[in-house]
Amino acid sequence: MIEIRMHGRGGQGTVVASKVLADAAFKDGKYAQSFPQYGVERRGAPVTAFTRIADSEKDLIVRSFIYEPDHVVVLDPTLLATQNILEGLKKGGWVIINTPESPESFDIPKDYRVATVDAASIAIKWRLGSKTQPIVNTAILGAFSKVTGIVSMDALEKAILENAPVKKEENVNAAKEAFESVKIRS
Amino acid sequence: MSFKKVLTGNHAVSYGATSARVQVISAYPITPQTTIVELLSEIVAEGKLDAIFVNVESEHSAMSACIGASAAGARAFTATSAQGLALMHEMLHWAAGARLPIVMANVNRAMAPPWSIWTEQNDSLSQRDTGWMQFYVESNQEAYDYVIIAYKVAEQVLLPAMLVLDAFVLSHTSEPVEIYDQEKVDEFLPPYEPKFAIEPGKPISYGALSKPDTYMEFRYKMQKAMEKAVDVMEKEMNLFNEMFGRNYGLVEPYMMDDADYVIVTSGAMTSTARAAVHEMREEGKKVGLLKMKTFRPFPFKKVREMLKGRKKVAVLDRNISFGHHGIFYEEIKSAMYPVEPKVPLYGYILGLGGRDVTVKDIKEIYEDLVKREEMEEIIWKGVKL
């Protein structure tokens with residue numbers, strides 16, 4: 001079983017990202033579950049959401065929060081300063097960050113793999129959300145698909161088309177652009 | 001054709017009500033229930049379900065509208081949580097006393113104050129004596145399936161039924177759910193044909209005065225209907241299992257055959273407990289799991305069969321009856337009273353107000369259970385003192 005934790009802020013589409021990822025895994029023939037760590041969310045407040053992916057339902061999926069994720073996804077880089085994003089992250093796990101900066105610019109231990117993608121600029125280019133509050137969820141999932149290989153871009157595209165309430169094609173294009181442009185720490 | 005779709009627990013309930021072809025929906029929004037009726041209102045507005053959606057100003061009115069609809073012979077549905085269910089309380093008695101087969105989804109949410117939106121069973125368990133059947137589901141698939149099963153049973157025994165799912169842990173968790181072919185659901189659940197329905201031109205009374213010379217007989221008949229519901233549940237679940245490939249029962253055992261120690265759970269924490277029991281079995285521990293699915297009618301016979309002869313039993317309660325113990329614990333203790341030799345029962349309170357329940361918690365409860373000597377009726381797990 002693979003466990004993924006996502007960190008974002010209210011309005012970025014973090015909860016939807018966790019669901020689209022689960023749906024993409026399902027479309028790849030796997031079993032998946034996603035859920036938010038529900039507070040009483042408001043725009044701008046930190047949001048955490050989780051996705052579990054297993055080969056089949058028989059893998060006995062549990063229903064607790066994820067404390068030792070295999071990978072983490074960071075939709076808002078300012079959270080790196082205020083939250084322990086790496087808490088419980090398994091060695092060798094990916095840290096995928098929405099930022100214009102290079103992956104080398106983050107002081108993240110060598111135990112982890114780091115990737116960055118300018119999901120905000122991509123989202124703005126495809127007019128997802130506003131210029132000041134872009135919805136970066138589909139773009140960062142494209143980067144996730146590329147670096148982890150856990151879900152195929154094909155399944156992700158189908159999941160986005162099914163789950164995006166509006167601008168379906170634009171969301172797919174954002175994911176594809178992030179898939180191509182994500183940078184991996186050397 | 002049946003198909004699988006990744007759905008939240010709440011949307012699984014909405015699909016369940018749609019598959020059950022409910023005819024009247026009346027509800028008032030409350031977190032974490034709201035998305036159940038939000039999706040249903042869209043389905044009705046799009047013309048995909050031939051139903052009337054009645055907006056009301058409170059949960060009390062929502063249940064009242066369902067009572068009127070059901071008395072007129074319609075299949076009526078509502079959903080609520082916590083304070084909303086409490087506000088319905090008077091009308092819950094009314095629905096059951098008038099023998100109306102209404103089905104409701106209650107998303108378990110802790111009662112306020114202090115305010116909480118997270119899961120706990122005190123809201124639904126506080127309605128224990130209203131005459132409603134109660135089914136506690138573990139997964140989104142069960143949430144979907146039990147809307148359909150609930151109507152099938154309710155319409156035979158003429159008692160209302162409540163399916164209960166955990167706030168967020170199920171209600172806002174997405175996972176694959178199989179939605180069945182409509183023709184097959186129709187075959188399992190044919191249209192509701194009421195024995196008595198109010199209609200213009202054929203006047204009958206509902207809820208008229210019953211003097212001391214008749215009231216008691218109404219209550220006797222309600223109890224008999226509940227007792228009959230045990231057999232009806234079993235019969236219908238067997239048919240459902242056969243038609244839809246499930247494995248449902250009044251209670252559901254896991255790795256129980258040679259288990260010396262048993263952990264009893266209900267609701268969503270069962271999934272986590274099952275994973276814990278699986279891991280402990282791999283470590284050679286003789287532990288099993290018993291999931292309580294049906295709370296009313298209470299499955300006395302099944303509980304006795306399953307727990308007889310065990311070394312120790314831990315009952316896990318995400319609820320508490322203040323001044324007493326965990327509510328499932330007390331119910332199981334009363335069921336086990338005639339069983340000899342006595343099985344020591346230990347009551348654990350955990351997960352109140354949505355506190356997370358982990359595999360580690362379940363394993364620690366098992367270790368604690370094995371070590372204990374005297375029977376303990378109330379053990380707090382994870383409370384910060």
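Trainee: How many helices and strands does chain B have?
Mentor: This is a predicted model, in which local features need pLDDT of at least 70 and side-chain atom pairs count only at pLDDT 80 or more, whereas totals for chains, interfaces and linings use all residues. Residues are numbered from 1 along each chain as its sequence is written, and chains are lettered from A and ligands numbered from 1 in the order in which they are written. Helices (H or I, at least four residues) and strands (E, at least two) are DSSP runs, numbered from the N terminus. On that basis chain B has 12 helices and 15 strands.

Trainee: Why does the radius of gyration of chain B agree with that of a compact globule?
Mentor: The radius is taken over C-alpha atoms, and the globule rule is 2.2 Å times the number of residues to the power 0.38. The C-alpha atoms of chain B fill a box of roughly 70 × 55 × 45 Å along the principal axes. Because a compact globule of 385 residues would have a radius of gyration near 21 Å, the value for chain B agrees, at 21 Å.

Trainee: What are the bounds of the domains of chain B?
Mentor: Domain bounds come from an automatic or database domain assignment. The C-alpha centres of the two parts, domain 1 and domain 2 of chain B, lie 27 Å apart. The division of chain B is into domain 1 (3-244) and domain 2 (251-380).

Trainee: Which helix of chain B gives the largest share of the side of domain 1 that touches domain 2?
Mentor: Counting two residues as in contact if their C-beta atoms, placed from the backbone, lie within 7 Å, 27 residues of domain 1 of chain B meet 19 residues of domain 2 of chain B. Helix 5 (122-125), strand 6 (133-136) and helix 8 (215-244) of chain B each supply at least two residues of the domain 1 side. The largest share, 5 residues, comes from helix 8 of chain B.

Trainee: What is the strand order in the open sheet of 6 strands in chain B, and which strands are at the edges?
Mentor: Two strands pair if DSSP finds at least two bridges between them, and the pairing in this sheet is mixed. The order is 9-11-10-13-14-15 in chain B, and the edge strands, each pairing on one side only, are strand 9 (251-254) and strand 15 (379-380) of chain B.

Trainee: Which residue stands opposite Val264(B) in strand 13 of chain B?
Mentor: Strand 10 (residues 261-265) and strand 13 (residues 312-317) of chain B run parallel and are joined by 4 bridges. In strand 13 of chain B, the residue opposite Val264(B) is Val315(B).

Trainee: Which helix of chain B supplies the largest share of the side that touches chain A?
Mentor: The contact takes 20 residues from chain B and 18 residues from chain A. Strand 8 (174-179) and helix 9 (269-282) of chain B each supply at least two residues of the chain B side. The largest share, 6 residues, comes from helix 9 of chain B.

Trainee: What percentage of the residues of chain A count as buried?
Mentor: The secondary structure of chain A comes to 6 helices and 7 strands. A residue is buried if 20 or more other C-beta atoms lie within 10 Å of its own, exposed if 12 or fewer, and partly exposed in between, with C-beta atoms placed from the backbone. Of the 186 residues of chain A, the buried part is 52%.
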